[in-house]
Amino acid sequence: MSQAASENPFNLLYIFQTIKKYLVYIAIVVGVSALLAFILTLPFIYKPEFKASTIIYPSSAERYDVINLFHDEPILFLYGTSKEVEKLDNTANTEEVKLHVIDSLNLWDAYGVDPENDESPKYYVYRTYDGNVSTTQVSGNGLEITAYDVDPERAAAIVNVIVKKVDEITHRMVTENKEGILKMYQKGYQELAEQLALYTDSIRGIRQKYNVFNTEYQTQALVQQVMQAEGELAAKQATLRSVLKNSGDGPQAAGLRLEVSALRSRVYSLVNKNSGSSINLESFREGLDQVLALEELCEYLSRDLKDAREKVEYLQMMDEANYTTLFIPEYAQAPDKKARPIRWLILVATVLISSLVSVMGAILADKLTGDEVEA
């Protein structure tokens, strides 16, 4: 054996020579592998499976956003974003959905799992389920739901049950969200109504306490009475001074003093709230300030209450309306052509892989034996 031959340099020529040398063995390995692949993919061994699928699209969560709903110019969203698709994907793969599908269609028997006697039945049924059912996010913010089964009708039923259950769960969450928002606004409306009623009662009490009933008219009347009384008092005081100056302190002056004293008392009662009079300018002004402040506050509260009532009515209408949470272009239909196994693809893959493995095995065997390869 020569040194050059024993080294067997690894090149393309060497590979061809090795294949030629071990061609019979390689052909046997490839032939046996192809035969096994053909047998194992026969319908009575590998039952044909049918594929059913559909694509669903989420509606936009912004449709129930309070800030957007009551904006002056709300933005109307229709389809959801990728975040809503992720939520649908997560929902479709929850244990609640899986168990509902398995129980509804009795996939325990279809998957060969005995829930009463098998050890860890959920593990085995979920493992088969996960191998046959998949969800994939697709372009356009959609979620594709796919199911394989040996029964085409059942494959379509699996997809449609998943869609309906996902829609039910999503609808339930949206309904709970709408009801929560409605209760929040109803509570706010009730609080505003109670606050407005409290301020209205306070205004009524202040009006009775300070005798403030007709603000504009009473203000003019009281000011007029005060000015008239003060004018009469000033006139009488001037007359008294004139009489005292011209006639001295006589009976006429005494009478004028009584009139001046009476007018002073009248002015005092009309102006000072400590006079004991139920109607006076100082007390009226104090009550009027309180009434005007509360009336202004009630005006603001009335506007807020009106706005809150409109929102509550709108939310009640939304709560009663049966809004869709999913857009379903088409429910899954029973396929009429098997989807797997793809026999020709399995055979081609088997031939290629077995050829590669057998050639590598032949090269390894030739290297280990160290035999000289003939040209």
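Axes are lines fitted to C-alpha atoms, for helices over the stretch in contact, and angles run from 0 to 180 degrees between N-to-C directions. Helices (H or I, at least four residues) and strands (E, at least two) are DSSP runs, numbered from the N terminus.

This is a predicted model, in which local features need pLDDT of at least 70 and side-chain atom pairs count only at pLDDT 80 or more, while totals for chains, interfaces and linings use all residues. Residues are numbered from 1 along each chain as its sequence is written, and side-chain values use heavy atoms, with hydrogens and water left out.

**Stop 1: a pair of helices**

Select residues 95–104 (helix 6) and 121–132 (helix 8). Their axes come within 11 Å and cross at roughly 90°, so helix 6 and helix 8 are roughly perpendicular to each other. Now show side chains: the contact (heavy atoms within 4.5 Å) is made by E95, K98, L99, V101 and I102 of helix 6 and by K122, V125, Y126, Y129 and D130 of helix 8. By class, this contact has six nonpolar, no polar and four charged residues. In that count, Ala, Val, Leu, Ile, Met, Phe, Trp, Tyr, Cys and Pro are nonpolar, Asp, Glu, Lys and Arg are charged, and the others, Gly among them, are polar.

**Stop 2: the nonpolar cores**

Keep Y129 selected. Not counting residues up to four places away in sequence, Y129 touches K98, V101, I102, L107, Y111 and I162. A nonpolar core is a set of buried Ala, Val, Leu, Ile, Met, Phe, Trp, Tyr and Cys residues joined through side-chain atoms within 4.5 Å; buried means under 20% relative accessible area, exposed over 50%, and partly exposed in between (1.4 Å probe, protein chains only). Which members of the largest core touch the most other members? They are V101, Y129, I158 and I162, out of 30 residues. Helix 9 gives the most to this core, with nine residues. A second, separate core of ten residues includes V291, L294, C298 and A308.

**Stop 3: inside helix 9**

Select T170, which lies in helix 9 (residues 152–210). Is T170 buried or exposed? It is buried, with a relative accessible area of 12%. Leaving aside neighbours within four places in sequence, T170 is in contact with L88 and T325.

**Stop 4: the strands**

Two strands pair if DSSP finds at least two bridges between them. Color strand 1 (residues 49–58) and strand 3 (residues 142–149): they run antiparallel and are joined by seven bridges, with T54 partnered by I145. Strand 1 also pairs with strand 4 (residues 326–327), in the antiparallel sense over two bridges; here Y57 has F327 as its bridge partner.

S134 stands opposite T146. These two strands form a hairpin with three residues between them, and G140 in the turn has a positive phi of about 85°.

**Stop 5: two asparagines**

N141 sits in the loop between strand 2 and strand 3. Its phi is near 55°, a positive value in a residue other than glycine, and at 32% relative accessibility N141 is partly exposed. Finish at N106, in the loop between helix 6 and helix 7. Phi of N106 is near 50°, again positive in a non-glycine residue, and N106 is partly exposed at 38%.

Methods. Angles under 35 degrees count as roughly parallel, over 145 as roughly antiparallel, 65 to 115 as roughly perpendicular and the rest as oblique.
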